[in-house]
Amino acid sequence: MNLINVSPVRHRSIYNFCAGPAVLPDPVLDQIQSQLKNGLNGMSPFSVSHRGPEFMEIVERSEFNLRTLLNIPSDYHVLFVAGGASMQFSMVPMNLLGAHETADYVVTGQWSEKAFEEGLRFAPMRLASHAGPEFNRIPAVATWQINPAAAFLHYTPNETIDGIQFSEIPKVPLPLVADCSSEFLSKPMDVSRFALIYAGAQKNIGPAGLSIVIVHRDFVGLASRGIPSLCDYASYAQTQSIYNTPPTFSWYIVDLVLQWFLLEGGLTEIERRNRKKAQLLYAAIERSGGFYSNRVPSQLRSMMNVIFHLPNSALEDAFVAGAEQRGLMNLAGHRCKGGIRASLYNAMPEAGVHALIDWMHYFQEQNA
Ligand code: PMP
């Protein structure tokens, strides 16, 4: 039975630079394919009970592997929460405001701005700093207007749309909350510096539908009265995140991806590969004599989402269209930013970056 007419192009010749949902590692896709029908004790991973032994093995192993990969201290909960990172824009204030009246936000790009706007639905949140309007700089931490009465300070270490990334964790005298969606597990990080970090799965670690929340136990159980159980971190912390039926298939895939990271040598090796890919691509931009340009200062350029522009939008359209003919997919920049965006998440092989650079050279020769 052929239900869906999929492209006849061999998967391997395609490099998908989508910012999310993003490319998954080939060995993980192979494993899913081999298990899809009856790979979990004779059952499909779509169809195992979320409280049965097959799924509980996934729950235990994925938390254990995440703790191993990130060296998560034992006083932090690891929660698997349905919904995207935007759900956390709401759950963070609902859970962390406690008796406080406000929280601080640092806006350095479009996602941190969205988080701030959502926070305003819950309380009169304050802007500790705003980098706009171009979102190509990060104001020095010393200039941030920090309110000592704030419940927490929220920031976004890597801005997926703007291609700008903090090079270090800011030191602030408030509980720190980070939307790590587009840099999560791309490198080691010191979890102990944070009250809470969250990340949508669909960039580095799996498909859409699931977010990971890592939260210090002191910040669980503070939720304001009247919030739904499913928005209360305590509901997840008390039930191994199985308060209700979780997105089991997404979770099953995250478990496979985490195993792959460990097999590949863990986050130090993953970071080494990611740095190399990003360096290759930024170097190609620099070498183009201005035909390709990036407006972010070099020390703030994202390792995950490389943004660049061509001399005009007609050339950018032609660049994207020609790239697709060569199997280089999803290179158009975000609809509100334009330009080109190449997302180089963990599962993007270095060969994909070389293929992109080859296309950049060829296109420049033809059009400069
Ligand atoms: N934060 C960041 C940094 C993101 O990149 C995204 C999605 N691209 C989101 C939040 C929103 O994620 P979701 O669509 O899963 O709600």
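Let's start in the sheet: Val78 sits across from Ile214 in β10. This is a predicted model. The two strands involved here, β2 and β10 (residues 210–216), pair in the antiparallel sense over seven bridges.

Zooming out, the sheet is open and has seven strands, ordered β2-β10-β9-β8-β5-β3-β4 with mixed pairing. β2 (76–82) and β4 (126–130) are the edge strands, each pairing on one side only. On average, neighbouring strands are turned by 20° against each other, direction ignored.

Some helix angles are worth a look:

| Helix | Partner | Angle |
|---|---|---|
| α4 (residues 110–119) | β3 (104–107) | about 150° |
| α7 (residues 266–286) | α9 (residues 350–367) | roughly 5° |

As for α7 and α9, their axes come within 9 Å and cross at roughly 5°, so the two helices are roughly parallel to each other. Among the residues making the contact are Leu280 and Leu281 of α7, plus Val353 and Ile357 of α9. By class, that contact has eight nonpolar, one polar and three charged residues.

Now for the greasy parts. The largest nonpolar core has 55 residues, and Leu66, Leu70, Leu153, Phe184, Leu185, Ile214 and Phe261 touch the most other members. Helix α6 (residues 248–263) gives this core its largest share, nine residues. There's also a second, separate core of 33 residues, including Phe135 and Tyr233.

Back to Leu66: leaving out residues up to four places away in sequence, Leu66 touches Asn71, Ile72, Val78, Phe80, Phe184, Leu185, Ile212 and Leu258.

Technical notes:
Residues numbered from 1 in each chain as written. Predicted model: local features only at pLDDT ≥ 70, side-chain atom pairs only at ≥ 80, totals over all residues. Heavy atoms only, no water. Core = buried A, V, L, I, M, F, W, Y, C linked by side-chain atoms within 4.5 Å. Buried < 20%, exposed > 50% of the residue type's maximum accessible area, 1.4 Å probe, protein only. Helix = DSSP H or I, 4+ residues; strand = E, 2+ residues; numbered from the N terminus. Contact = heavy atoms within 4.5 Å. Axes fitted to C-alpha atoms, helices over the stretch in contact; angles between N-to-C directions. Parallel < 35°, antiparallel > 145°, perpendicular 65-115°, else oblique. Nonpolar A, V, L, I, M, F, W, Y, C, P; charged D, E, K, R; others polar. Pairing = 2+ DSSP bridges.
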